[in-house]
Amino acid sequence: MTPIRNIVILTGAGVSAESGIATFRGPGGLWEGHRVEDVCTPQALRRDPELVHRFYDERRAKLAEVEPNAAHRALARLDAEWAGELLLVTQNVDDLHERAGSKRLIHMHGELKSALCAECGKRAPHEGSLPPGSACPTCASPALRPDIVFFGEMPYAMHVIERALEQADLFVSIGTSGAVYPAAGFVHSARRMGIATLEMNLDPSEGSMMFDDSRRGPAGERVPEWVDEMLG
Ligand code: APR
């Protein structure tokens, strides 16, 4: 077996669940009273900007009430101590990975604490509420929107992620249902490239059978155990 040097880790909502952030696809497909389609599409933003902005304002405000959990902390420790290449790709828009200390991190679906100008395309750090019509700090257009990758939009840094996967020896997926592409396709790419694959999830995900190894249980337990193995 090739010794593991380069790792790509993908996280989803399950990694933040034990911090108190709701996952997307709970029973009934509701997310805190909203259908994902009502708030996570460019059409929804055009149709009802007040609703979509308010929804993300509430999520942003919630960040002040939550803390990173043992899974975030273990991944930050792995980042700090792992001598090889490591890339943590998160689908989460919360800031719990960076608050735990992860540095080699990509938010492929955007960030709550960032605003995107629909006019000039610039992204800027943002705290507090973001009413529709807020002015862009770069071009002054009243066109700031939540910096969230909606369904049908291109996730961030795909070329960086693809390059990291090409160089990886291990792909690890944690706390994601595997329902949303392109992230759900990373395991397929990894297999094609002959990279070892490991999944940690509470329930079987849609792609569970694609992984070489699947470990069931809460991320707050499985992830620290795995990090101890990797660093031990
Ligand atoms: N530990 C580990 N896994 C957990 C935990 C936990 N404590 N709690 C829940 N899970 C698992 C669930 O079993 C489920 O498979 O986390 C997964 C969460 O799935 P989703 O709610 O679908 O979230 P995610 O996969 O991150 O969604 C992907 O969909 O709506 C879009 O852009 C949004 O980034 C999001 C994307």
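A: Before any volumes, one term: a cavity here is a set of grid points where a 1.4 Å probe fits but cannot get out, whereas a pocket is an open set. Please also keep in mind that this is a predicted model.

Q: OK, how many cavities of 30 Å³ or more does a search of the whole structure find?

A: The search turns up one cavity that reaches that size, and the volume of the largest cavity is about 170 Å³. Its lining is made of 15 residues, and those closest to its centre are Ile21, Trp31, Val93, Asp94 and Leu112.

Q: What classes do the residues of that lining divide into?

A: For the largest cavity, the lining consists of eight nonpolar, three polar and four charged residues.

Q: Switching to pockets, what volume does the largest pocket have, and which residues lie nearest its centre?

A: The largest pocket has a volume of about 860 Å³, and it is lined by 43 residues, with Ala13, Phe24, Arg25, Thr176 and Ser177 lying nearest its centre.

Q: Now the ligand, where is its space?

A: The ligand takes up the space of the largest pocket. There are 22 residues around the ligand, and the ones that come nearest are Phe24, Arg25, Thr176, Ser177 and Asp203.

Q: How do the residues of that shell divide?

A: The shell around the ligand is made up of nine nonpolar, ten polar and three charged residues.

Q: Which polar atoms lie by the oxygen atoms of the ligand?

A: On the backbone side, a polar atom of Ala13 is 2.7 Å from an oxygen atom of the ligand. From side chains, a polar atom of Thr176 lies 2.6 Å from a ligand oxygen, and a polar atom of the Asn201 side chain lies 2.8 Å from an oxygen atom of the ligand.

Q: Then how much of the ligand's surface does the protein bury?

A: The ligand exposes 740 Å² when taken alone, and the protein buries 92% of that area.

Notes
Residues are numbered from 1 along each chain as its sequence is written. This is a predicted model: local features need pLDDT of at least 70, side-chain atom pairs count only at pLDDT 80 or more; totals for chains, interfaces and linings use all residues. Side-chain values use heavy atoms; hydrogens and water are left out. A residue is near a molecule or strand if one of its heavy atoms lies within 4 Å of it. A polar contact is a pair of N or O atoms within 3.5 Å; within protein, one must be able to donate a hydrogen and the other to accept it, and residues adjacent in sequence count only if both atoms are side-chain atoms. Accessible areas come from the Shrake-Rupley method with a 1.4 Å probe; for residues, only the protein chains shown count as cover. On a 1 Å grid over the protein atoms alone, a cavity is a set of points where a 1.4 Å probe fits but cannot get out, and a pocket is an open set with protein on both sides within 12 Å along at least five of seven lines; lining residues have an atom within 4 Å of a point. A molecule sits in a cavity or pocket if more than half of its atoms lie within 2 Å of its grid points. Ala, Val, Leu, Ile, Met, Phe, Trp, Tyr, Cys and Pro count as nonpolar, Asp, Glu, Lys and Arg as charged, and the others, Gly among them, as polar. Grid points are joined across faces, edges and corners, and a volume is the space filled by probe spheres set on the points.
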